[in-house]
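Reader: I would like to learn how to read a protein model step by step. Could you take me through this one, giving the general idea before each case?

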Amino acid sequence: MFGFLKKNVEVYIVSPVSGKLMDITEVPDEVFSTKMVGDGVAIEPDNGLVVAPCSGKIVQIFNTNHAVAIETKEGLEVLIHLGIDTVKLKGEGFKRIAAVGDEVKEGDPLIEMDLEKIKSLGKPTITPVIITNPQVIETMDKKTGVVQAGKDRIMTIKIKKS
């Protein structure tokens, strides 16, 4: 009834890893580059610590520890995919810190990646950060440049009014 009183909500996503930002369309995997699973950015990490890019609840950590999904209180679904084709490593090179069901704050440690190990096993360490429910997004502003984990914003997302 008072829908005109509702304001657009902005959600800020910070980088889950330190490194260089790249456009999602540059990721060497068409599942990500064609936005099949959603829209976002990717980071070429220079450090293996993966932190929460936003506050929310961990709704999934794949059993191979190569991907984490977080849902924000605004209902935004954020997927962090650690490396490309890393599911085939069966967990090798990844150490889980957080658990499914944990409430996390922006910057909380989630997983450690052994970048050298992953590269030595022939997998790129490029880390896509994807919004998997794009239907709730009104606008998405993506950043560029070099970013620090847990500090630098990589996306500003305006949620559609409900």
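Author: Helices (H or I, at least four residues) and strands (E, at least two) are DSSP runs, numbered from the N terminus. This is a predicted model, in which local features need pLDDT of at least 70 and side-chain atom pairs count only at pLDDT 80 or more, while totals for chains, interfaces and linings use all residues. Residues are numbered from 1 along each chain as its sequence is written, and side-chain values use heavy atoms, with hydrogens and water left out.

Reader: Is T127 buried or exposed?

Author: Buried means under 20% relative accessible area, exposed means over 50%, and partly exposed lies in between (1.4 Å probe, protein chains only). With a relative accessible area of 0%, T127 is buried.

Reader: Which backbone oxygen does the side chain of T127 reach?

Author: A polar contact is a pair of N or O atoms within 3.5 Å; within protein, one must be able to donate a hydrogen and the other to accept it, and residues adjacent in sequence count only if both atoms are side-chain atoms. Here the side chain of T127 reaches the backbone oxygen of T125, at 2.9 Å.

Reader: Strand 11 must be read together with its partners, I suppose, so how many bridges pair strand 7 with strand 11?

Author: Two strands pair if DSSP finds at least two bridges between them. Strand 7 and strand 11, which covers residues 127-131, pair in the antiparallel sense over 3 bridges, and within this pairing V78 stands opposite I131 in strand 11. Strand 7 itself spans residues 77-81 and is mostly covered, since 4 of its 5 residues are buried.

Reader: What joins strand 6 to strand 7?

Author: These two strands run antiparallel and are joined by 5 bridges, strand 6 being residues 67-71; one example is V68, whose bridge partner in strand 7 is I80. Strand 6 and strand 7 form a hairpin with 5 residues between them, and in the turn G75 has a positive phi of about 95 degrees.

Reader: In what order do the 8 strands of the open sheet lie?

Author: The order is 9-5-6-7-11-3-2-13, and the pairing is antiparallel. Its edge strands are strand 9 (103-104) and strand 13 (146-147), each of which pairs on one side only. Elsewhere in this sheet, strand 2 (residues 19-23) and strand 3 (residues 39-45) run antiparallel and are joined by 5 bridges, with A42 in strand 3 as the bridge partner of M22. As a general idea to keep in mind, the side chains in a regular strand alternate between the two faces of the sheet.

Reader: Which 3 strands form an open sheet as well?

Author: They are arranged in the order 4-10-8, with antiparallel pairing. Strand 4 (49-51) and strand 8 (94-96) are the edge strands, each pairing on one side only. Strand 4 and strand 10, the latter made of residues 109-113, pair in the antiparallel sense over 3 bridges, and the bridge partner of L49 in strand 10 is E112.

Reader: Let us turn to charged side chains: how many salt bridges does the count come to?

Author: Side chains of opposite charge can pair when their charged atoms come close. The rule for a salt bridge is a side-chain nitrogen of Lys or Arg within 4 Å of a carboxyl oxygen of Asp or Glu, and by this rule the count comes to 7. In one of them, the side chains of D85 and K123 meet at 3.1 Å, N to O. This pair links distant parts of the chain, 38 residues apart, with D85 in the loop between strand 7 and strand 8 and K123 in the loop between helix 2 (115-120) and strand 11. D85 counts as partly exposed at 30% relative accessibility, whereas K123 counts as buried at 16%.

Reader: Which residue forms a salt bridge with E74?

Author: E74 forms a salt bridge with K73, where the closest N and O atoms are 2.8 Å apart. K73 is exposed, with a relative accessible area of 79%, while E74, at 29%, counts as partly exposed.

Reader: Which residue lies over the face of Y12?

Author: A charge sits over a ring if NZ of Lys or CZ of Arg is within 6 Å of the ring centre and within 35 degrees of the ring normal. In this model R153 lies over the face of Y12, at 3.5 Å from the ring centre.
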